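Trainee: I have a model open and I want to learn how to read it. Could we go through it one feature at a time?

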Amino acid sequence: MVELVGKLGEKKLIYYCVDEWSEFSFIDRESIRDMERRLIEQSDLVLTTAEKLYDDKKKHNPNTHLIRHGVDFDHFSRALDPALEEPEDIRSLARPRIGFYRLIHEWIDLRTIESLAKAHPEWSIVMIGKLSSDATFLKPYSNVHFLGQKHYETLPGYCKGFDVGIIPFVVAVS
């Protein structure tokens, strides 16, 4: 987007940074870092969603602020409603159910999921979301269940069906 800055008649430029784009394997790291740095320098305001992003972006623009992601409390607290039923595709899975929902992409540590599946074959590991990573190595584990994408409205029912929720992000060790 940096090439469009100043060409659209905009009065202010706000950059909302939610990911470290240069870390994605499908992007040219140096090019994206250069374009992002130029965009940040030209922005009137930079908003970041994580402390690491904030620390990095603030170097290029002093008007950078950290605003963490929020949650739709009213929507997701419906999981506590005794009248809410679990969706059929999770209801039939053995307990305990270890669950996750979001895009299943390269930032999800599927090797950790494999370790869990191997160490605890009695657990049901439930992965909800679009699968855009190679997970074929998990096929031998009958306790790993990829349920696909689900509508936002149904997510509280899936939450209710989890005994434990996980966020299995890949952890980069420096």
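Trainee: Let me start with contacts. Which residues is Leu-110 in contact with, leaving aside its neighbours within four places in sequence?

Mentor: Contact means heavy atoms within 4.5 Å. With those neighbours left aside, Leu-110 is in contact with Ile-104, Met-127, Ser-133, Asp-134, Ala-135, Phe-137, Leu-138 and Phe-146. A word on the source: this is a predicted model, where local features need pLDDT of at least 70 and side-chain atom pairs count only at pLDDT 80 or more, while totals for chains, interfaces and linings use all residues. Residues are numbered from 1 along each chain as its sequence is written, and side-chain values use heavy atoms, with hydrogens and water left out.

Trainee: How many residues does the largest nonpolar core have?

Mentor: First the idea. A nonpolar core is a set of buried Ala, Val, Leu, Ile, Met, Phe, Trp, Tyr and Cys residues joined through side-chain atoms within 4.5 Å. Buried means under 20% relative accessible area, exposed means over 50%, and partly exposed lies in between (1.4 Å probe, protein chains only). Here the largest core has 13 residues. Those with the most contacts inside it are Leu-110, Ile-113, Ile-125, Met-127, Leu-138 and Val-144.

Trainee: Which elements each supply at least two residues of this core?

Mentor: Elements are DSSP runs, numbered from the N terminus: helices (H or I) have at least four residues, strands (E) at least two. For this core they are strand E4 (97–101), helix H5 (110–119) and strand E5 (124–128). H5 gives the largest share, 3 residues. Another core, of 8 residues, lies apart from it; Val-2, Leu-13, Leu-39 and Val-46 are among its members.

Trainee: Now charges. How many salt bridges does the structure hold?

Mentor: Side chains of opposite charge can pair when their charged atoms come close. A salt bridge is a side-chain nitrogen of Lys or Arg within 4 Å of a carboxyl oxygen of Asp or Glu. This structure holds 18 of them.

Trainee: Which residues are linked in a network of salt bridges?

Mentor: Glu-20, Arg-33, Glu-36, Asp-56, Lys-57 and Lys-59. Take Glu-20 with Arg-33: their closest N and O atoms are 3.6 Å apart. Glu-20 sits in the loop between strand E1 (14–17) and helix H1 (29–42), and Arg-33 is in helix H1, 13 residues apart. Glu-20 counts as buried at 18%, while Arg-33 is partly exposed at 36%.

Trainee: Why does the pair of Glu-20 and Lys-57 tie together parts that are 37 residues apart in sequence?

Mentor: Because Glu-20 lies in the loop between E1 and H1, while Lys-57 lies in helix H2 (residues 51–58). Their side chains meet in a salt bridge of 3.1 Å, N to O. Lys-57 is buried, at 0%.

Trainee: Where is Asp-56 found?

Mentor: In helix H2. Asp-56 forms a salt bridge with Lys-57, with the closest N and O atoms 2.8 Å apart. Asp-56 counts as buried, at 15% relative accessibility. Not counting residues up to four places away in sequence, Asp-56 touches Glu-20 and Arg-33.

Trainee: And is Glu-36 buried or exposed?

Mentor: Buried, with a relative accessible area of 8%. Glu-36 has its place in helix H1. Leaving aside neighbours within four places, Glu-36 is in contact with Tyr-15, Cys-17, Glu-20, Trp-21 and Lys-57.

Trainee: How far apart are Met-1 and Glu-36 in sequence and in space?

Mentor: They are 35 residues apart in sequence and 8.7 Å apart in space, C-alpha to C-alpha. Met-1 belongs to the segment before E1. Met-1 is exposed, at 70%.

Trainee: How many disulfides does a search of the whole structure find?

Mentor: A disulfide is a covalent bond between the sulfur atoms of two cysteines. The test asks for a pair of cysteine sulfur atoms within 2.5 Å. The search finds 0. Cys-17 is buried, at 0%, whereas Cys-159 is partly exposed, at 24%.
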